Amino acid sequence: ANLGQTGREQGLKQLMTVNLLKRLESSVEAFRLTLGKIEATIDSTLTRLDQHADSTAEFDADAVAGDIEDDEDAEDLLAYGEKIKINLADVDVESWRRDLWHDRETLRELLEVMNKVTPDHDTKLVALQQLVGEKVENPINAGNRKVLIFSAFADTAEYLYRELAPALKQSGLEAALVTGGGQSGRTTLGKGYDFQQVLTLFSPRSKQRKLTMPNHGGEIDVLIGTDCISEGQNLQDCDYVVNYDIHWNPVRIIQRFGRVDRIGSTNN
């Protein structure tokens, strides 16, 4: 019975619920941004219904899935690969409009609450700031101030960099951000560094900076990234990994720690 359209829709709703909760667990910012994207999609749909521009509504399932979930593991579950065309003559438009309006009002209530959680009141973010500060003040290995921070979502990583980088810079620490959205990285050292250069500046010894960037003397102390750097990267100059959110794939967690717990590491 679950193989029909009704079962498919129920399953999709359950997947979307889980994915929203994953974002909420990750950060208030990721959850807030996703709610805003869904609200914008509903607004657009209601506008089209009001306009009655044509009798066919066309929706890209892949685009909607991309708004809900960044993780590549879930793409196969959510992406249908084809656009779903719905003839409005076959739809109870008034009921659909009523349900969309109700969803939009619910989303607005949630957003109103979430917008009250500013960075100063984000206890998870404050705890991370304290954790990084304590590590810098009491290094595990003498002189090693490096911290590697992982998040499953690019929105969360962007949020952490935006909120942490200025304070870290004032404290004499350089920070950087790398995500899977592009090949360039962002650093407090300045612009113009690509993905691999950022990693090299974070782990100059293991990435052999003397060969690839011989004329650069700067270093990155705190690297914030997604799981795009959780596999195949030598970052063992660092001795401290923070999982800002716990990935739902246990293998990814092992891969994260594997960036610093590697052969050739001089850290204890």
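This is a predicted model: local features need pLDDT of at least 70, side-chain atom pairs count only at pLDDT 80 or more; totals for chains, interfaces and linings use all residues.
Local features need pLDDT of at least 70, side-chain atom pairs count only at pLDDT 80 or more, and totals for chains, interfaces and linings use all residues. Residues are numbered from 1 along each chain as its sequence is written, and side-chain values use heavy atoms, leaving out hydrogens and water.

**View A. The open sheet has 5 strands with mixed pairing.** Read across, the order is β5-β4-β6-β3-β7. Strands here are DSSP E runs of at least two residues, helices are H or I runs of at least four, and both are numbered from the N terminus. Two strands pair if DSSP finds at least two bridges between them. At the edges sit β5 (186-187) and β7 (241-243), each pairing on one side only.

**View B. Strand β3 meets β7 in the parallel sense.** Look for I149, whose bridge partner in β7 is V242.

**View C. Helix α7 lies across β3, β4, β5 and β6.** This helix spans residues 154-170 and runs at about 170° to β4 (175-178). Angles run from 0 to 180 degrees between N-to-C directions, with axes fitted to C-alpha atoms, for helices over the stretch in contact.

**View D. Helix α2 (residues 28-51) packs against α7.** Their axes are 8 Å apart, at an angle of about 125°. On the α2 side, V28, E29, A30, L33 and K37 are in contact (heavy atoms within 4.5 Å) with D155, T156, Y159 and R162 of α7.
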